[in-house]
2 protein chains.
Amino acid sequence: MKKLLVAQSGGPTAAINATLAGVVQCAYSSGKVSEVLGAVNGIKGVLEERFLNLGLHIKNVEDFQLLCQTPAAALGSCRLKIKERTQLEQIITVLRRHDIGYFIYIGGNDSMDTVAQLSAYCEEEGISDICIMGAPKTIDNDLMGTDHCPGFGSAAKYIASTFAELERDCHVYDVKAVTIVEVMGRNAGWLTAASALARLGGGKGPDLIYLCENSFDTDRFLSDVERCLESQDSVLVAISEGIKGADGRYVSEQVQTKAADNFGHAYIAGSAKVLESLVQEKLGCKVRSIELNLMQRCAAHIASAVDIEESRMLGMKACQCALEGSSGRMAAVIRKTDVPYVVEFKTVPISEVANAEKKVPSDWITDSGNDVTEEMITYLRPLIQGENKVVYENGIPKHLSFYE
Amino acid sequence: MKKLLVAQSGGPTAAINATLAGVVQCAYSSGKVSEVLGAVNGIKGVLEERFLNLGLHIKNVEDFQLLCQTPAAALGSCRLKIKERTQLEQIITVLRRHDIGYFIYIGGNDSMDTVAQLSAYCEEEGISDICIMGAPKTIDNDLMGTDHCPGFGSAAKYIASTFAELERDCHVYDVKAVTIVEVMGRNAGWLTAASALARLGGGKGPDLIYLCENSFDTDRFLSDVERCLESQDSVLVAISEGIKGADGRYVSEQVQTKAADNFGHAYIAGSAKVLESLVQEKLGCKVRSIELNLMQRCAAHIASAVDIEESRMLGMKACQCALEGSSGRMAAVIRKTDVPYVVEFKTVPISEVANAEKKVPSDWITDSGNDVTEEMITYLRPLIQGENKVVYENGIPKHLSFYE
């Protein structure tokens, strides 16, 4: 029997450890592997032969449960993009040295590119005793080949719930005020669209939503805000961090701030901060900008039960397929119906996934360009359902760590 | 029988509506009031006679439960400080016109000042048929006369849990990086201190904690961070928004940023953003600043069960005392023991509370000035215990609104 190696890569999410749990559960229960190793810091850790024997770290049902409620990447992550054939050679040499027959890489675009290159290399070199599978992960929800991405649903639930709470907060005073909330997403607006789900709890959610897929017109934005202010005191706005002007430049690049002081150097403000200045100057009312920042990707305490369960299932699927001899594919969710929400877990050729980016379809953005359509809500709604049961210790969510 | 009027004031919290629920529950069950009115937008709404009949809005057990899980101020709030005796006269005239015999004002420092002025006015004018009571509220935890303030425990739980999650997130890469998180608090560092509670879940929480009570020395800060970076990759720092240099100036004032661009005007960066620039320049490593912003005061989805229950009890206490003829006092929590955590609800003369500010005792900050002591943990720990049960609708926390 050979060993199975699993690694995590790219930006943290609240669900990537559930996928790790799925891989390990499947491997343990298969009876087909001699040991389950975890590479520390993704493919970088593979190259450096930094491995953990996961049998020493994930031992019982409680460990699996804690792993599923632990945010970020329990094994550590990396941002290494494979650029040379010698790296591929080196990876295979390491896998052979450790008697590894199965390698599952959990990650986003770059990681799927690694899976694509590595499996292509194996095919070219006639290496058939190492199976390499990808398991998707990204809060950005921009991977091709899968209906949606593990981690996205939990981030979407955090964003939607936070917008519902911010709406309450922003409406307490009877003074004109604008609150601009910046949501992650440089090139895809899925997370920003999730702000609209705040309406599902009974509130009215954001008044205006601008995704990065559309070019951002500051005059249009100001007139939208002004119109809202005519009929209400408080206006809540959601914007993607990656909104760009018609010239293709990020709005966040349009104000390069300069320190005029002690420390004396420039730094870049976020999109929301730039728009805060703009509203303050042009409309003169109270305005505040908020960045949801890292919280939106690590708020495991409000993870979506659907997301955590699907993330775990995708880990199992990737592992199962590797154990059955598949290679060069990614586990994926195929949606059968919206209501009731029914999905299947399949695998897709990695070539369909690597180096592509799934953006929001233009007809899921309203013609006014400042909201999303009902189709978007129908698509998003199932992904935030259910509250993942979280174990607390002394009032704080408990996490599983491999390093303490 | 007379009517009872309740109003909310100051900054929103996750628990101020639980206090409102407590007031209304007590009033309903007393059999001593003919009607329960809520003033819209605090004392401003009283002056403008904008009242809601709460009997039409809070009708059953489910409404009470939803109110207790709704953040911000369900009645709306204001920031009006009473400055003239004519305003006091006018308030009493309004109360008489509406046959109001009891007025409960839920709020922070300014609101308790209003209660103090109003009850003093009544005493001077020989008005004995209107009882005025205060119920405390502030995430800042800076009110005198009470062991701690409603709303603080929930904000502390959000902050501690978020730091636990951020710690996971920040440790995934094996590169030197500094994350600086700004927590609310201009003059009192209680909320920033709560970041230390992240350690109670098993993680190590923030590496460095700087409260606004101590003067902030940037050289000392840089050497603290550098020392941490020697033995670990990622350093997590908590700072109060109100940290000040030895000259008494806010750190956030030390960099007045200037837009060099399209929109062309200055704005002020937060303390964390200023320190981000400093670390980038002086240490040259990866650095990120995060503001917990409004989320820390409105994250009702992770409210502390202890905080919500105490907030409700304080509302009941204030109402009960008013109905028994007390006036010019504030409901307060008196802590009997830390372990087991036992409290009593009492009332204190409003004069002991108004216009005072409770800061963190200097001996609850370590000598190094970059952490809090065990006494602080002992004080804070009980306040974040228990998870308030939250009802979700379509994956989003459900809120009660009086205006939809």
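On a 1 Å grid over the protein atoms alone, a cavity is a set of points where a 1.4 Å probe fits but cannot get out, and its lining residues have an atom within 4 Å of a point. Grid points are joined across faces, edges and corners, and a volume is the space that probe spheres set on the points fill. The model here is predicted, so to speak of local features a pLDDT of at least 70 is needed, side-chain atom pairs count only at pLDDT 80 or more, and totals for chains, interfaces and linings use all residues. Residues are numbered from 1 along each chain as its sequence is written, chains are lettered from A in the order in which they are written, and side-chain values use heavy atoms, without hydrogens and water.

**Cavities**

Two cavities of 30 Å³ or more are found in the structure. In the table, nonpolar means Ala, Val, Leu, Ile, Met, Phe, Trp, Tyr, Cys and Pro, charged means Asp, Glu, Lys and Arg, and polar means the others, Gly among them.

| Cavity | Volume | Lining residues by class |
|---|---|---|
| Largest | about 50 Å³ | four nonpolar, four polar, three charged |

Helices (H or I, at least four residues) and strands (E, at least two) are DSSP runs, numbered from the N terminus. Around the largest cavity, β15 (396-397) of chain A and α6 (152-170) of chain B each supply at least two lining residues, and α6(B) gives the most, with three. The lining includes Ile396(A), Lys398(A), Glu167(B) and Arg168(B).

For the second largest cavity, the elements giving two or more residues are α6 (152-170) of chain A and β15 (396-397) of chain B. Here α6(A) gives the most, with three residues; among the lining residues are Glu167(A), Arg168(A), Pro397(B) and His399(B).

**The sheet in chain A**

Seven strands form an open sheet with mixed pairing, in the order β3-β2-β1-β4-β5-β12-β13 (chain A); two strands pair if DSSP finds at least two bridges between them. Because β3 (51-53) and β13 (342-349) of chain A stand at the edges with a single partner strand each, one side of each has no neighbour in the sheet. From one strand to the next, the twist averages 30 degrees.

One of the bridge pairs is Gly38(A) with Leu52(A).

Helix α5 (residues 109-124) of chain A packs on this sheet, touching β4 (100-107), β5 (131-136) and β12 (329-337) of chain A, where contact means heavy atoms within 4.5 Å. The direction of α5(A) makes about 165 degrees with that of β5(A); axes are lines fitted to C-alpha atoms, for helices over the stretch in contact, and angles run from 0 to 180 degrees between N-to-C directions.

Note on methods
1 Å grid on protein atoms, 1.4 Å probe; cavity = no way out; pocket = protein on both sides within 12 Å on 5 of 7 lines; lining within 4 Å.
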